[in-house]
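Please read these notes with the model open beside them.

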Amino acid sequence: MAKTEGDRVLVDGYGRIARDLRISVTDRCDLRCQYCMPEEGLDWLDADEQLSFAEIERLAGIFVSLGIESIRLTGGEPLVRARLTDLVAALSGLGLEDLSLTTNATSLERHAARLKEAGLDRVNVSLDSLLSHRFAEITRRDALDKVLRGVGAALEAGLSPVKINCVVVAGTNDDEILDFVDFARSTGCEVRFIENMPIGADGRWHADSVVPAARIVELIEDVHSLLPVVRGSAPAASYRFADGSAGGVGVVASVTEPFCSDCDRLRLTADGNLRTCLFAHEETDLRTPMRAGASDDELRAVILSSVSDKGPGHAIGQMGFRQPVRVMSRIGG
Ligand code: SAM
Ligand code: SF4
């Protein structure tokens, strides 16, 4: 749905316009990535605490009427929510410019073709190691083969560009950066190296675990010349290969080079809270007014007020930074 500049009304106090909405459909997950979730899992939401597909669809329509152009479904692990393709089909009718999914891909092989048919444009797959034993250590599950088959199925189904999200943790998987680059070149995927952020459930994050994005780019450029791709408000600085190879690489420097001043993202949690920043300490409950019978106009007013209060940025690494109580898997990355 083409929009004019005047139609885009989700403006915050710093002049940023929200165009991208991440919707978490569940807080549950079948993996237990060390930097994200404890081994025993978390205290999951009850079914009635979670937004129904009808509620998500209604809120998504309201956000689109306010200028949201792209929606990414996430979690927890979105593919553990039953009949996710039904939600994709409903959202694909909203006239979005981009409808995508972030997944750990353990069950993507089974779902890729139907997701594409339902109207999904593309997927981001999280993958932190190409070595089976290390993958199992990081995620506490032995599932690398399934994930690789999922990536293959996504490519085959045309859910492209397939982007691979690789959280780089110093001393854990930083020796695989060039292997991931080879993976990008041989599969045509874009591998995006993400700095480890203080948003995990165990509170064990340490600045020393962050491999700076600039260092990652240097490492790659020692071997392959890179050409920058125009970035816009995307969190990743992306590059293609100067030798014309397929695939690409990107870096998400959330910690060392925050991009808060260009942020165009909002997040809706699985229990219906609107968050204007991953690291915000406040959130706005949309589920309660919606279930109490609020009209679309009333919900629009609540959303506009929340967005207008969006803070300037996350301040990781600065004095006084506090990790939000709500962890990544409960927000939706
Ligand atoms: N389960 C899905 C997955 O892993 O793709 C979707 C949800 S997951 C929370 C979304 C993204 O957040 C994943 O790419 C994951 O690697 C990333 N993530 C989780 N914890 C992180 C952290 N502490 N720092 C950086 N990225 C993180
Ligand atoms: Fe699950 Fe994704 Fe968190 Fe890993 S990063 S534990 S796959 S929600």
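Which residues of helix α2 (residues 84-92) are buried? They are Leu84, Thr85, Leu87, Val88 and Leu91, where buried means under 20% relative accessible area, exposed over 50% and partly exposed in between (1.4 Å probe, protein chains only).

This is a predicted model, in which local features need pLDDT of at least 70 and side-chain atom pairs count only at pLDDT 80 or more, while totals for chains, interfaces and linings use all residues. Residues are numbered from 1 along each chain as its sequence is written, chains are lettered from A and ligands numbered from 1 in the order in which they are written, and side-chain values use heavy atoms, with hydrogens and water left out.

1. Helix α2. Seen down the helix axis, the buried residues of α2 fall within an arc of 155 degrees, so they line one face of the helix; the arc is that of the directions from the helix axis to the C-beta atoms. An α-helix has 3.6 residues a turn, so residues three or four places apart point the same way. The cover over the buried residues of α2 includes α1 (53-65), β2 (70-74), β3 (98-103) and α3 (108-118). Helices (H or I, at least four residues) and strands (E, at least two) are DSSP runs, numbered from the N terminus.

2. Ligand 1, polar contacts. A polar side-chain atom of Tyr35 lies 3.1 Å from an oxygen atom of ligand 1. A polar backbone atom of Gly76 is 3.0 Å from a nitrogen atom of the ligand, and an N or O atom in the side chain of Asn165 is 3.3 Å from an oxygen atom of ligand 1. Of the 540 Å² of accessible area that ligand 1 has on its own, the protein covers 95% (Shrake-Rupley method, 1.4 Å probe).

3. Ligand 1, shell. The elements that give two or more residues to this shell are β3, β5 (163-168) and β6 (190-195). In total 19 residues surround ligand 1, and the closest are Tyr35, Gly76, Thr102, Ser126 and Met197; a residue counts if one of its heavy atoms lies within 4 Å. The shell divides into seven nonpolar, 10 polar and two charged residues. Here Ala, Val, Leu, Ile, Met, Phe, Trp, Tyr, Cys and Pro count as nonpolar, Asp, Glu, Lys and Arg as charged, and the others, Gly among them, as polar.

4. Ligand 2. Cys29, Leu31, Cys33, Cys36, Gly76 and Asn104 are the residues around ligand 2. By class, four are nonpolar, two are polar and none is charged.

5. Ser254. This residue is in the loop between β9 (248-252) and β10 (265-268) and counts as buried because its relative accessibility is 7%. Leaving aside neighbours within four places in sequence, Ser254 is in contact (heavy atoms within 4.5 Å) with Glu195, Met197, Phe259, His314 and Ile316.

6. Arg58. Arg58 lies in helix α1 and is partly exposed, at 29% relative accessible area. Its C-alpha is 9.6 Å from that of Met290, 232 residues away in sequence. Not counting residues up to four places away, Arg58 touches Met290, Ala294, Ser295, Asp296 and Leu299.

7. Backbone points to check. The peptide bond from Ser160 to Pro161 is cis, with omega near 0 degrees. Arg83, in the loop between β2 and α2, has a positive phi of about 55 degrees although it is not a glycine. Ala105, in the loop between β3 and α3, has a positive phi of about 70 degrees. Are these two residues buried or exposed? Arg83 is exposed, at 59% relative accessible area, whereas Ala105 is buried, at 0%.

Methods. A polar contact is a pair of N or O atoms within 3.5 Å; within protein, one must be able to donate a hydrogen and the other to accept it, and residues adjacent in sequence count only if both atoms are side-chain atoms.
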